[in-house]
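Me: Could you give me a close look at one part of this model, the ligand's surroundings? Which residues are the closest to the ligand?

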Amino acid sequence: MEYALITGGSRGIGRSACLELALMGYPVIINYASNESAALRTKQLIEDKGGTAVLLPFDVASDHETEKALEQWKSDHPDDYIAVLVNNAGIRKDNVMVFMEDDQWHDVLNISLNGFFNVTRRLLKDMISKRFGRIINIVSLSGIKGLPGQTNYSASKAGVIGATKALAQELASRRITVNAIAPGFIATDMTQGLDQDALKQTIPARRFGQPEEVAALIGFLASEKAAYITGEVISINGGLYT
Ligand code: NAP
């Protein structure tokens with residue numbers, strides 16, 4: 001069986017991605033850091049729609065935890081493999097660089113950039129031997145344009161964009177695609193504290209995006225129809241930046 005793993009699948013964009021991939025017929029592995037009740041809610045939403053899902057909590061920033069969780073999953077599923085990976089787990093700890101603390105820098109880089117490495121590298125052998133895979137990395141407008149107050153976050157997302165382009169070329173001949181999605185402002189917990197009314201005025205579409213709109217693009221990139229798209233960074237931002 002081919003599974004889909006979504007890191008940070010308990011809430012926000014990740015939850016919508018879990019639902020989208022479950023509706024496409026994938027059994028879904030919901031990763032999260034600590035919010036078990038939110039992850040259980042994602043699972044319930046999938047099961048209500050007739051899909052199947054399991055929880056797999058681990059901290060993507062920890063290479064050891066990631067290895068342990070994925071090795072355990074593999075030994076429980078020797079005949080299955082993870083065909084679709086959505087590297088979605090992410091946090092932001094904004095500060096201007098002059099005041100940035102060590103943990104603000106390292107926590108953001110460790111989750112977004114090192115998390116991408118910790119998870120992805122462990123799934124490649126199966127994808128290569130099965131000659132099919134879809135890797136979809138959730139980056140950000142911040143990683144393309146750079147945003148003040150987010151040198152840590154912009155650097156982490158720009159790093160993943162570079163890795164996406166390189167990895168896509170390593171894997172294209174094996175029918176594995178690697179793409180990045182760069183959302184602008186999406187209505188999730190991550191954007192809760194922002195001044196939404198002021199920010200909306202800067203967005204040509206005059207609204208925040210919905211997680212489901214990002215998930216629809218994830219679903220398309222995961223589909224057979226997107227087989228010839230690889231190494232791309234696709235923006236989804238209401239016209240905010242192109
Ligand atoms: P969110 O609602 O804050 O959800 C974050 C998710 O990441 C949660 O499921 C959380 O798990 C998980 N997570 C955090 N740290 C983790 C770790 N160390 N290991 C495993 N999982 C971890 O965020 P979101 O807005 O949906 O964002 C999802 C992705 O889109 C992020 O990469 C973010 O940078 C990117 N993005 C978001 C926006 C936006 O406007 N919202 C824009 C551009 C890009 P718990 O529930 O256990 O905490």
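Reply: A backbone N or O atom of Asn-35 sits 2.8 Å from an oxygen atom of the ligand, a polar contact (N or O atoms within 3.5 Å). Mind that this is a predicted model, with local features needing pLDDT of at least 70, side-chain atom pairs pLDDT 80 or more, and totals for chains, interfaces and linings using all residues. Numbering runs from 1 along each chain as its sequence is written, and side-chain values use heavy atoms, leaving out hydrogens and water.

Ser-34 also brings a backbone N or O atom to 2.7 Å from a ligand oxygen, and for Ile-186 a polar backbone atom is 2.8 Å from an oxygen of the ligand. In total, 32 residues surround the ligand (a heavy atom within 4 Å), and the closest are Ser-10, Ser-34, Asn-88, Tyr-153 and Thr-188.

Tyr-153 also turns up in a helix pair: it is one of the α6 residues in contact with α4 (heavy atoms within 4.5 Å). Helices here are DSSP runs of H or I, at least four residues. α4 (residues 102–130) and α6 (residues 151–171) pack at about 15°, axes 8 Å apart, so they're roughly parallel (under 35 degrees). Their crossing is right-handed. On the α4 side the contact includes Trp-105, Leu-109, Phe-116 and Ile-128, while α6 supplies Ala-155, Val-160 and Leu-167, among others. By class, that's 13 nonpolar, 7 polar and 1 charged residues.

Conventions:
Axes are lines fitted to C-alpha atoms, for helices over the stretch in contact, and angles run from 0 to 180 degrees between N-to-C directions. Helices (H or I, at least four residues) and strands (E, at least two) are DSSP runs, numbered from the N terminus. Angles under 35 degrees count as roughly parallel, over 145 as roughly antiparallel, 65 to 115 as roughly perpendicular and the rest as oblique. A crossing is left-handed if the near helix is turned anticlockwise from the far one by less than a right angle, and right-handed if clockwise. Ala, Val, Leu, Ile, Met, Phe, Trp, Tyr, Cys and Pro count as nonpolar, Asp, Glu, Lys and Arg as charged, and the others, Gly among them, as polar. A polar contact is a pair of N or O atoms within 3.5 Å; within protein, one must be able to donate a hydrogen and the other to accept it, and residues adjacent in sequence count only if both atoms are side-chain atoms.
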